[in-house]
Amino acid sequence: MSPENPAVRSVERLLEVLDLDFTQARTTEDIFTGDSHPMPTGRIYGGQVLAQSLIAAERTLPEDRAVHSMHGYFLRPGDASQGITIAVDRIHDGRSFSTRRSQAYQNGVPIFSMIASFQDEGPGVEHAEPMPTDVPAPESLLPDEDRVAGLAGGARRMLSERAADIRHIGHPLFVADDPERVPRQGVWMRMRAPLPDDPRLHRAALAYLSDMSIQESILRAHGLYWSFPGLKVASLDHAMWWHRPARVDEWLLYVQESPNARGGRGLATGRIYTQDGTLIANVAQEIMIRVPEGTE
């Protein structure tokens, strides 16, 4: 991959962030360290710590025992200018399932805590919710960075140089609201450059992508957008279920909706499909959402 292309370089940088160091300082836990993405806000992107925590946990397991679910809590804002330490507790190893707890630390305090379950591949009953019909092809849509007239230069550059190519089926919520105010949306997404043929890496990168845009189904329902004056949004928790393998450097459809918002919190759920309609993952996230008085 050529460093001359900023978007391709961002994929290289993501691979570096996910390439954790094992410190060999294990006592009752396995200890890993890693870097952080620079972010305009100064805060660590949640998908980064999700992916790193998963990579760390999977490094303590045989390669054929894959993650099928995780549940995590964002405890404190992370500082994107600092590195991160991840401690993995080997809670349980059974004949078919394993359980791991990963905790991410900065400055000696946890910023994220996750429990994940892993399973050997095996036969069983199978069904899946079908992909929505009449969805426009990703090639027919412009990338988000080409649809954000009026966005500040730094934010626009962040979109164009991020590792993922994200394409909203409706209009993006960067500088304007959605007049229809519906609590649902869809986006196409993929990495901007090929990733190595490592299933663990693709599962972690899917976790990285799963935190992008899912909050927007809540914002759409209330006429809100990311640059809305005084808006404050923070992820509280994140859950994810992996159903089937897929490559994240190929187009994926992320169908999102919000079933509820109340008490300064909003819940969003999502389903992720391959372009041929295979359901590969489900996601749920609750966020804190605060709007200045008089604007709700």
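This is a predicted model: local features need pLDDT of at least 70, side-chain atom pairs count only at pLDDT 80 or more; totals for chains, interfaces and linings use all residues.
**View 1. F112 and its contacts.** Leaving aside neighbours within four places in sequence, F112 touches V49, L50, S53, M70, G72, Y73, F74, L75, S102, Q103 and A104, where contact means heavy atoms within 4.5 Å. F112 is also among the residues with the most contacts inside the largest nonpolar core, along with M191, L206 and I272. That core has 66 residues. A nonpolar core here is a set of buried Ala, Val, Leu, Ile, Met, Phe, Trp, Tyr and Cys residues joined through side-chain atoms within 4.5 Å; buried means under 20% relative accessible area, exposed over 50%, and partly exposed in between, with a 1.4 Å probe and protein chains only. A second, separate core has seven residues, including W251, L253, V255 and L279.

Residues are numbered from 1 along each chain as its sequence is written, and side-chain values use heavy atoms, with hydrogens and water left out.

**View 2. The largest pocket.** How much space lies in the largest pocket? About 1800 Å³. On a 1 Å grid over the protein atoms alone, a pocket is an open set of points where a 1.4 Å probe fits, with protein on both sides within 12 Å along at least five of seven lines, and lining residues have an atom within 4 Å of a point. Points are joined across faces, edges and corners, and the volume is the space filled by probe spheres set on them. The lining takes in 49 residues, with M39, T41, R43, Y45 and M158 nearest the centre. At least two lining residues come from each of α1 (6–18), α2 (46–58), β6 (109–120), α3 (153–161), β7 (164–168) and β9 (232–242); helices (H or I, at least four residues) and strands (E, at least two) are DSSP runs, numbered from the N terminus. The largest share, six residues, is from α3. By class, the lining splits into 27 nonpolar, eleven polar and eleven charged residues. Ala, Val, Leu, Ile, Met, Phe, Trp, Tyr, Cys and Pro count as nonpolar, Asp, Glu, Lys and Arg as charged, and the others, Gly among them, as polar.

**View 3. The second largest pocket.** This one has a volume of about 900 Å³. Its lining has 26 residues, and E121, W242, H243, R244 and P245 are the closest to the centre. β3 (65–74), β6, α4 (199–210) and β9 each give two or more residues to the lining. Which element provides the largest share of the lining of the second largest pocket? That would be α4, with four residues. The lining divides into twelve nonpolar, seven polar and seven charged residues.

**View 4. Two residues with positive phi.** Most residues other than glycine have a negative phi. D134, not a glycine, has a positive phi of about 60°, and sits in the loop between β6 and α3. S213, also other than glycine, has a positive phi near 80°; its place is the loop between α4 and α5 (216–221). Are they buried or exposed? D134 counts as exposed because its relative accessibility is 78%, whereas S213 counts as buried because its value is 10%.

View 5. L159 is part of helix α3 and is buried, because its relative accessibility is 1%. I31 belongs to strand β2 (residues 30–34) and has a relative accessible area of 19%, so I31 is buried. Its C-alpha atom is 9.6 Å from that of S102, 71 residues apart along the chain. A284, in strand β12 (residues 279–290), is at 19% relative accessibility, so A284 counts as buried too. Beyond neighbours within four places in sequence, A284 is in contact with D237, H238, A239, W241, A268 and T269.

View 6. Residues 38–119 are 16% helix and 50% strand, with end C-alpha atoms 34 Å apart. For residues 182–286 the figures are 17% helix and 46% strand, with end C-alpha atoms 18 Å apart.
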